[in-house]
Amino acid sequence: METGSINKVVILGGGTAGWMAAALLRRALPENIAITLVESDQIGTVGVGEATIPPIRQLNQVLGIDEAEFLRETKGTAKLGIMFDGWRVQGESYMHAFGPVGKNFPFCEFHHYWARAQAEGYVSDYWDYSLNYQAAIAGKFLPLNSVTKTNLPGVSYAYHFDAGLYANLLRRHAETKGVLRVEGKVGDVRKAAHNDFVASLKLEDGREIFGDLFVDCSGFSGLLIGKSLGVKYSSWNKWLPCDRAIAVPSGGVAPVPPYTRSIAHDAGWQWQIPLQHRTGNGLVYSSAYWDADQALSVLMKNLPGEPLSEPKNISFQTGCREKQWQGNVVSIGLSSGFLEPLESTSIHLIQTGVTRLINFFPHHKICDQEIAEFNRLSRLELEAVRDFIILHYKVNERTDSKFWRDCANMDIPESLRNKIELFRVSGKMPNEPGSLFSESAWLQVMIGQGVHPGDYHPSADNMTSKQLRAFLQGMKSLICSSVESMPSHERFFS
Ligand code: FAD
């Protein structure tokens with residue numbers, strides 16, 4: 001592949017992906033590489049994407065964004081996990097709380113001790129040992145590094161924020177550091193004469209933006225990677241059946257819960273994302289089971305407050321581009337793939353996508369080996385997240401609607417089937433190298449969805465029954481008193 005060095009990066013799109021890419025690339029690349037971002041006010045952004053996972057805090061730190069300023073500017077709140085209502089059976093809830101549950105020993109994870117105690121008749125709730133969960137349901141929050149006066153792991157948190165306000169904050173940040181913003185609608189994409197590289201973006205008003213490397217953050221349209229370069233999209237619809245969403249904000253609630261809510265309905269699920277000033281709501285559903293009117297009526301009946309605007313309909317297809325990088329175009333954000341918002345992973349995948357681009361940023365020329373490795377790692381990451389999301393649908397025990405029965409009966413990727421069976425038989429839940437979701441996240445969803453460990457690790461026999469009970473009781477009471485001394489969640493942002 002023949003190209004010269006990269007002197008100018010052009011980012012197409014000014015949504016969360018575009019501005020995150022602009023801010024991070026500007027932070028990482030030398031000043032002699034110019035960065036231009038093109039966005040169209042007329043097209044606008046997807047306007048959703050308000051719940052995150054803990055690594056977002058590292059992004060803000062790397063960009064030098066102060067937490068207090070961030071919370072103020074984005075109307076942000078803390079997120080300790082996601083409460084899943086009615087996912088296993090109707091009327092029951094569990095949480096995927098961030099951070100570890102209990103405390104792992106060097107050769108034996110905590111859940112093996114918990115499983116042994118269960119087997120011996122000392123039945124306790126797995127979440128009794130989660131500081132995040134206990135704080136979340138008490139409406140408390142404090143960014144603790146460890147449980148008060150112990151070496152037990154502390155609070156792990158992310159944020160809820162207003163997506164538009166966050167994009168504005170990133171934009172200000174990126175522009176101050178030298179990113180050039182061009183407002184205008186791209187009408188045509190010009191290719192180089194001698195290869196299949198993109199040479200320039202032609203705006204509808206006649207301006208032409210030239211670049212050496214293009215970052216496609218154009219959202220679902222995938223204007224460069226898909227429409228211009230023809231990179232195909234693999235659909236994962238057979239495993240992730242939802243393909244529509246309706247979003248509508250409603251008034252704020254008090255007290256503001258420090259967690260996202262995901263409420264299962266007959267053919268999909270509803271999100272509630274509490275911000276300081278309003279609640280972000282939406283319904284994700286499958287168009288094979290519900291039409292838009294049915295979905296809208298379910299959403300509007302279940303809003304936690306008065307709607308603040310007209311509902312917005314969004315169509316999507318879960319899946320990903322067969323390649324995230326082709327030629328001189330790297331796709332980031334919705335243009336590169338979408339895994340539905342159940343575990344709030346898209347913004348994180350933008351963060352890792354841009355970080356990967358920085359790691360593989362071409363020096364003298366774009367080379368095939370860098371592209372191939374970038375694409376391989378992107379695919380592995382997406383597939384691991386995909387399996388985790390499928391798990392929520394697959395291991396449900398709902399018999400009340402066809403949607404849930406079909407999900408329970410569907411075929412799943414072999415990688416996931418093996419993981420479920422391993423846990424069901426042996427209680428083992430190894431951490432996948434480089435995987436986004438830790439064993440603690442997988443365990444909570446497995447147990448919450450009704451898959452229980454069939455055995456425990458022999459090392460968990462290294463204490464007597466009496467010691468084991470004392471160990472569990474002691475941990476539970478330390479967590480309880482730590483939560484009791486925490487302030488309310490509101491104190492964090494007010
Ligand atoms: P967009 O926001 O669509 O931005 C595309 C940009 O490209 C815009 O600026 C647009 O103007 C520009 N553009 C497009 N075409 C042209 C053109 N021809 N000329 C010029 N400019 C152009 N993620 C999470 O992490 N957490 C969540 O809770 C979450 N919830 C979601 C809920 C739903 C229903 C959906 C659909 C997504 C959700 N996501 C969530 C994903 C999240 O919204 C996106 O990952 C994020 O907003 C990034 O979008 P984007 O920047 O790729 O695309």
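A word on the source. This is a predicted model, where local features need pLDDT of at least 70, side-chain atom pairs count only at pLDDT 80 or more, and totals for chains, interfaces and linings use all residues. Residues are numbered from 1 along each chain as its sequence is written, and side-chain values use heavy atoms, with hydrogens and water left out.

Now the layout. Domain 1 takes in 8–76 + 161–237 + 318–385. Domain 2 covers 99–156 + 413–490, and domain 3 is 244–315. These bounds come from an automatic or database domain assignment.

Let's look at domains 1 and 3. Over C-alpha atoms, their centres are 27 Å apart. How many residues of domain 1 are in contact with domain 3? There are 15, and they meet 15 residues of domain 3. Contact here means heavy atoms within 4.5 Å. The area buried between the two domains is about 1,100 Å², with 60% from carbon and sulfur atoms. Buried area is the accessible area (1.4 Å probe) that two parts lose on being put together, summed over both.

Next, charges. Domains 1 and 3 share 2 salt bridges. That term needs a side-chain nitrogen of Lys or Arg within 4 Å of a carboxyl oxygen of Asp or Glu. Arg278 pairs this way with Glu50, and their closest N and O atoms are 3.0 Å apart.

Last, the lining of the largest cavity. Which residues line it? Among them are Phe98, Tyr129, Leu152 and Ile479. Lining residues have an atom within 4 Å of a point on a 1 Å grid, and a cavity is a set of such points where a 1.4 Å probe fits but cannot get out. By class, the lining has 8 nonpolar, 4 polar and no charged residues.

How values were computed. 1 Å grid on protein atoms, 1.4 Å probe; cavity = no way out; pocket = protein on both sides within 12 Å on 5 of 7 lines; lining within 4 Å. Nonpolar A, V, L, I, M, F, W, Y, C, P; charged D, E, K, R; others polar.
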